[in-house]
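Thanks for coming. I will go through one structure today, a few residues at a time. Please have a look at it first.

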Amino acid sequence: GQQRSAMSDISNKHKHLEFIQASISRMSGNLFLLKGWSITLIAALFALAAKDTNKAYVVVAYFPLFIFWFLDGYFLSMERRFRSLYEHVRQLKEEDIDFSMNTEPYKNDPRNQWISALFSRTLFPYYITLALLMILLSFFIR
């Protein structure tokens, strides 16, 4: 009975870590989708601006840029909070596994905050490059 109990405890820990990993993967997938949508929508607005020679579309294209950047920041901060939860659960004793998915205790870690995610090495260069490219392209639209 002792060995069987130890095996079920380990499977509880693995199961909890799998739940957390699924959330991390979902946040990661959202980040990927948002980047694709941001480029698609901005490209469409630039195509409209070029077709109609209307600079208003270029100005409107900045709204989705910032909206997607802010959403990306949110999902990245949530992903980081789930990674912190994962690290915590990984170090728990088997008997302390409670299957909690609460990331609140990790929200005050500066790295896990929304503003930190906005200016992360992955998001900030991407969105700044996109903004600069948009500015450059706007000069070609008469």
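This is a predicted model: local features need pLDDT of at least 70, side-chain atom pairs count only at pLDDT 80 or more; totals for chains, interfaces and linings use all residues.

Where is the place of Phe-140? Phe-140 is found in the segment after helix 4, and that helix covers 123–138. Is Phe-140 buried or exposed? Its relative accessible area is 61%, so Phe-140 is exposed, the cut-off being over 50%. Between Phe-140 and Pro-105 there are 35 residues in sequence and 49 Å in space, taken C-alpha to C-alpha.

A word on confidence. The chain has a mean pLDDT of 89, with 92% of its residues at 70 or more. Confidence is lowest in helix 1, residues 2–52, where the mean is 84. It is highest in helix 3, residues 114–118, at 97.

Next, the loop between helix 2 and helix 3. Leu-92 has its place in this loop. The relative accessibility of Leu-92 is 17%, so this residue counts as buried, the limit being under 20%. Lys-13 is 79 residues away from Leu-92 in sequence, yet their C-alpha atoms are 8.5 Å apart in space.

Phe-99 lies in that loop too, between helix 2 (56–90) and helix 3. Its phi is near 60°, a positive value in a residue other than glycine. Why point that out? Because most residues other than glycine have a negative phi. Phe-99 counts as partly exposed, at 31% relative accessibility.

Phe-99 also brings us to the aromatic rings. How many aromatic pairs does the structure hold? There are eleven aromatic pairs. One of them joins Phe-19 and Phe-99: the ring centres are 6.0 Å apart and the planes are at 55°, so the pair is tilted. Phe-19 lies in helix 1 and Phe-99 in the loop between helix 2 and helix 3, so this pair ties together parts that are 80 residues apart in sequence. Phe-19 is partly exposed, with a relative accessible area of 40%.

A second tilted pair is formed by Phe-119 and Phe-124, at 5.2 Å centre to centre with 50° between the planes. Phe-119 counts as partly exposed at 48% relative accessibility, and Phe-124 is partly exposed with a relative accessible area of 32%.

Phe-119 and Phe-124 also belong to one aromatic cluster, together with Phe-66, Trp-69, Phe-70, Trp-114, Tyr-126 and Tyr-127. On Tyr-126 there is one further contact to mention: the charged end of Lys-35 sits over its ring, 5.4 Å from the ring centre.

Last, the largest pocket. Which residues line it? They are Leu-76, Glu-79, Arg-80, Arg-83, Arg-111, Ser-120, Arg-121 and Thr-122. By class, this lining has five charged residues, two polar ones and one nonpolar. The space in the largest pocket is about 150 Å³.

To recap, two points to look for on the model. Find Phe-99, with its positive phi, and follow its ring to Phe-19, the other member of a tilted pair. Then find Tyr-126 in the aromatic cluster, with the charged end of Lys-35 over its ring. That is the end of my part.

Key. Residues are numbered from 1 along each chain as its sequence is written. Side-chain values use heavy atoms; hydrogens and water are left out. pLDDT is the predictor's confidence in each residue, from 0 to 100. Helices (H or I, at least four residues) and strands (E, at least two) are DSSP runs, numbered from the N terminus. Buried means under 20% relative accessible area, exposed over 50%, partly exposed in between (1.4 Å probe, protein chains only). On a 1 Å grid over the protein atoms alone, a cavity is a set of points where a 1.4 Å probe fits but cannot get out, and a pocket is an open set with protein on both sides within 12 Å along at least five of seven lines; lining residues have an atom within 4 Å of a point. Grid points are joined across faces, edges and corners, and a volume is the space filled by probe spheres set on the points. Ala, Val, Leu, Ile, Met, Phe, Trp, Tyr, Cys and Pro count as nonpolar, Asp, Glu, Lys and Arg as charged, and the others, Gly among them, as polar. Rings of Phe, Tyr and Trp (its six-membered ring) pair if their centres lie within 6.5 Å; planes under 30 degrees apart count as stacked, over 60 as edge-to-face and the rest as tilted. A charge sits over a ring if NZ of Lys or CZ of Arg is within 6 Å of the ring centre and within 35 degrees of the ring normal.
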